[in-house]
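Let's take a walk through this protein chain, one piece at a time. Keep the structure open beside you as you read.

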Amino acid sequence: MRTPFILRLFHSMPRGGWIALAIFAAVAWIGVPVAHLALPESHPLHVSAYTVSLLGKILCYMVVAVAMDLIWGYAGILSLGHGLFFALGGYAFGMYLMRQIGRDGSYGAELPDFMVFLDWKELPWYWAGSDSLLWALFLVVALPGLVAFVFGWFAFRSRIKGVYFSIITQALTYAAMLLFFRNETGFGGNNGFTDFKRILGHDITSPGMRVTLFALSAALLIACLVLGRYLVSSRFGRVLAAIRDAESRVMFIGYNPLHYKLFIWTLSAMLCGLAGALYVPQVGIINPSEMSPANSIEIAVWVAVGGRGTLVGAVLGAGIVNLAKSVFTVYLPEYWPFVLGFLFIVVTLYLPDGVVGLWRKLRARRAAARLDDTRSAATPAPGAAAAAPGTPPVTSGTHGFAAPPTDTAKGANA
């Protein structure tokens, strides 16, 4: 009898993982909202609006890092174009946010301000239905997924992999960035979408909406971790790891790597689209710079810093790098690119397994040292205990048997 999906999903993650997720959910869904909404600003535990938005943005980055880790850490596919899928999800939801402005824009027209400025008379055909939240959510998932599926089908079918695949993905996102920079595309040109007002009639800058977006970002991260853990611990995940390590052998035993790689690639793009959709209302802007190749490279840096092939490593890497970026861009903004490059060099040379790998090595050394101490304490010091007369000595052989008496001992006993 086949085990129900819910039980398989529950057993895919160890007990410690569920406890960690429960603590994180309690902090994100109870602690932060209470600290932001209930506590006054003078209270030492009050969480400011800036902090809530910053944490929400970092949670979205963590989702992107998990999506990247699924294809790079477990399938061996290094993408340098995931910023495109993130931005496509942001643009898809940004269209809805622009329609929600209504006549509250600078020109008081039904059209978005940038269209009025460019003397557009009506919405383009691909903006149809953009005033519906359900349609916007569908586009958030479908648009990145469709682009990833079409691109992945031709790339994986042609067996393009390694550095060649990485270069092609970087070229794809760069081409899309140049396209979105053009005013005639109908996506705001280099300014993109901004000046958002409301979601479902609620003020987008209100404390309640800000906390809601933060809580949704946390929920998306939890869902991604649970889904990712289920996939990588299942038979599907084992096949992915085999494709990463020896794709030709996987083909030899009868598996088609195309289907596995295409599925995880498309799923990863869709997760990035959802993260982009939650990122845009919390940051308040989306423009073509989100598609820059540098942003996609930075996503790979997050995973490398945390430790690829470990979902928790992707989360830690995104958190560490983006918190450091927030600090440096406030106090030493001109030095951040150098710090990021130095961090990537250090990780490549000295921390190939990232922060999680370093932690595992330290734990292994500590456990080995503790085992050595235990063995030393159990071994008696020389001369500490004398053998009784006539008692044959005992060796430390692997089976614990006593050594037979010597000829001298036999004569003495006789």
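## Helix 10, mostly under cover

In this predicted model, helix 10 is mostly covered, with 22 of its 27 residues buried. The helix runs over residues 257–283. Just after the helix comes Gly284, which takes a positive phi of about 95 degrees.

Now pick out Ser268, which sits in helix 10. Is Ser268 buried or exposed? Its relative accessibility is 0%, so Ser268 counts as buried. Skipping the neighbours within four places in sequence, Ser268 is in contact with Ala67, Met68, Ile71 and His82.

## Helix 3 meets helix 10

Which way does helix 3 run against helix 10? The two axes come within 9 Å and cross at roughly 170 degrees. Angles over 145 degrees count as roughly antiparallel, so that is the label for helix 3 against helix 10.

From helix 3 they include Ala67, Met68, Leu70 and Ile71, and from helix 10 they include Ile264, Trp265, Ser268 and Leu271. Sorted by class, the residues of this contact divide into 16 nonpolar, four polar and one charged.

## The largest nonpolar core

There are 110 residues in the largest nonpolar core, and Phe193, Ile264, Trp265 and Met291 are the ones that touch the most other members. Which helix gives the most to this core? That's helix 3 (residues 49–72), with 16 residues. As a rule, nonpolar side chains in soluble globular proteins tend to be buried together.

Apart from its neighbours within four places in sequence, Ile264 is in contact with Leu70, Ile71, Ala75, Leu231, Phe236 and Leu240.

Gly89 belongs to helix 4 (residues 82–101). With a relative accessible area of 0%, this glycine is buried. How many residues along the chain separate Gly89 from Ala277? They are 188 residues apart, yet their C-alpha atoms are separated by 5.1 Å.

Not counting residues up to four places away in sequence, Gly89 touches Val140, Pro144, Gly273, Gly276 and Ala277.

## Helix 7 across helix 11

Helix 7 (residues 163–180) and helix 11 (residues 293–306) have axes that come within 9 Å and cross at roughly 140 degrees. That makes helix 7 oblique to helix 11.

Here Gln170, Thr173, Tyr174 and Met177 in helix 7 meet Pro293, Ser296 and Ile297 in helix 11. By class, this contact has four nonpolar, three polar and no charged residues.

## Two loop residues with positive phi

Arg159 is not a glycine, but its phi is positive, at about 60 degrees. You'll find Arg159 in the loop between helix 6 (133–157) and helix 7. With 57% relative accessibility, Arg159 counts as exposed.

Asp195 also has a positive phi, near 60 degrees, and is a residue other than glycine. Its place is in the loop between strand 1 (193–194) and strand 2 (198–199). At 34% relative accessibility, Asp195 counts as partly exposed.

Key
Residues numbered from 1 in each chain as written. Predicted model: local features only at pLDDT ≥ 70, side-chain atom pairs only at ≥ 80, totals over all residues. Heavy atoms only, no water. Core = buried A, V, L, I, M, F, W, Y, C linked by side-chain atoms within 4.5 Å. Buried < 20%, exposed > 50% of the residue type's maximum accessible area, 1.4 Å probe, protein only. Helix = DSSP H or I, 4+ residues; strand = E, 2+ residues; numbered from the N terminus. Contact = heavy atoms within 4.5 Å. Axes fitted to C-alpha atoms, helices over the stretch in contact; angles between N-to-C directions. Parallel < 35°, antiparallel > 145°, perpendicular 65-115°, else oblique. Nonpolar A, V, L, I, M, F, W, Y, C, P; charged D, E, K, R; others polar.
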